[in-house]
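Student: Could we go through this structure together? I would like to start with the terms.
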Amino acid sequence: MDNTETMTEFKNRIEKLSSQEQKEIFNIIKKNESIKYTQNKNGIFLLLNEIDTSTIENINLFLKYLDDSKKQTQKIEDKLKHLNNIKN
């Protein structure tokens, strides 16, 4: 897989996040002041190929955190559902 495909998948994954999660991604990006972006009523725009490796790694860590949190939440919900079924 080439870098363009990787960045396209990266972009698509971020676009599927909630607006709050996307804001957190943007906060990670803003920490690197050399990354240029524009903002208007339609959102924030930047060139993904200008994001340095360190920032991409930080975003990936955040995405992994989100995945892990969602899995944990699902496990808890499943256990609660199971307990409710036993109770009834």
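Tutor: Buried means under 20% relative accessible area, exposed means over 50%, and partly exposed lies in between, with a 1.4 Å probe and protein chains only. This is a predicted model, in which local features need pLDDT of at least 70 and side-chain atom pairs count only at pLDDT 80 or more, while totals for chains, interfaces and linings use all residues. Residues are numbered from 1 along each chain as its sequence is written, and side-chain values use heavy atoms, with hydrogens and water left out.

Student: Is K11 buried, exposed or partly exposed?
Tutor: K11 counts as partly exposed, because its relative accessibility is 34%.

Student: And what does K11 form a salt bridge with?
Tutor: Its partner is E15, and the closest N and O atoms are 3.4 Å apart. A salt bridge here is a side-chain nitrogen of Lys or Arg within 4 Å of a carboxyl oxygen of Asp or Glu. Both K11 and E15 lie in helix 1, 4 residues apart, about one turn of the helix. Helices (H or I, at least four residues) and strands (E, at least two) are DSSP runs, numbered from the N terminus.

Student: Why can side chains pair like that?
Tutor: Side chains of opposite charge can pair when their charged atoms come close.

Student: How many salt bridges are there by this rule?
Tutor: The count comes to 4. One of them joins D67 to R13, with the closest N and O atoms 2.4 Å apart. D67 lies in helix 3 and R13 in helix 1, so this pair ties together parts that are 54 residues apart in sequence. D67 is partly exposed at 32% relative accessible area, and R13 is partly exposed at 33%.

Student: What about K64; which residue is its salt-bridge partner?
Tutor: K64 pairs with D68, the closest N and O atoms being 3.0 Å apart. These two are separated by about one helical turn, because they are 4 residues apart in helix 3. K64 is partly exposed at 48% relative accessibility, as is D68 at 33%.

Student: Changing topic: which residues touch the most other members of the largest nonpolar core?
Tutor: They are F10, I25, I29, I59 and L63, out of 14 residues in that core. Helix 1 (3-15), helix 2 (19-30) and helix 3 (53-87) each give two or more residues to this core, and the largest share, 5 residues, comes from helix 3. A nonpolar core is a set of buried Ala, Val, Leu, Ile, Met, Phe, Trp, Tyr and Cys residues joined through side-chain atoms within 4.5 Å.

Student: What is I59 in contact with?
Tutor: Leaving aside neighbours within four places in sequence, I59 is in contact (heavy atoms within 4.5 Å) with F10, I14, I25, I28 and I29.

Student: Is E21 buried or exposed?
Tutor: E21, which is in helix 2, counts as buried, because its relative accessibility is 15%. Not counting residues up to four places away in sequence, E21 touches F62, L66 and K70.

Student: Then where is L83, and is that residue buried or exposed?
Tutor: L83 is in helix 3, and L83 is exposed because its relative accessible area is 52%.

Student: Finally, how do strand 1 and strand 2 pair?
Tutor: Strand 1 (residues 37-40) and strand 2 (residues 43-46) pair in the antiparallel sense over 4 bridges; two strands pair if DSSP finds at least two bridges between them. A hairpin of 2 residues joins strand 1 to strand 2. The bridge partner of Q39 is I44, in strand 2.
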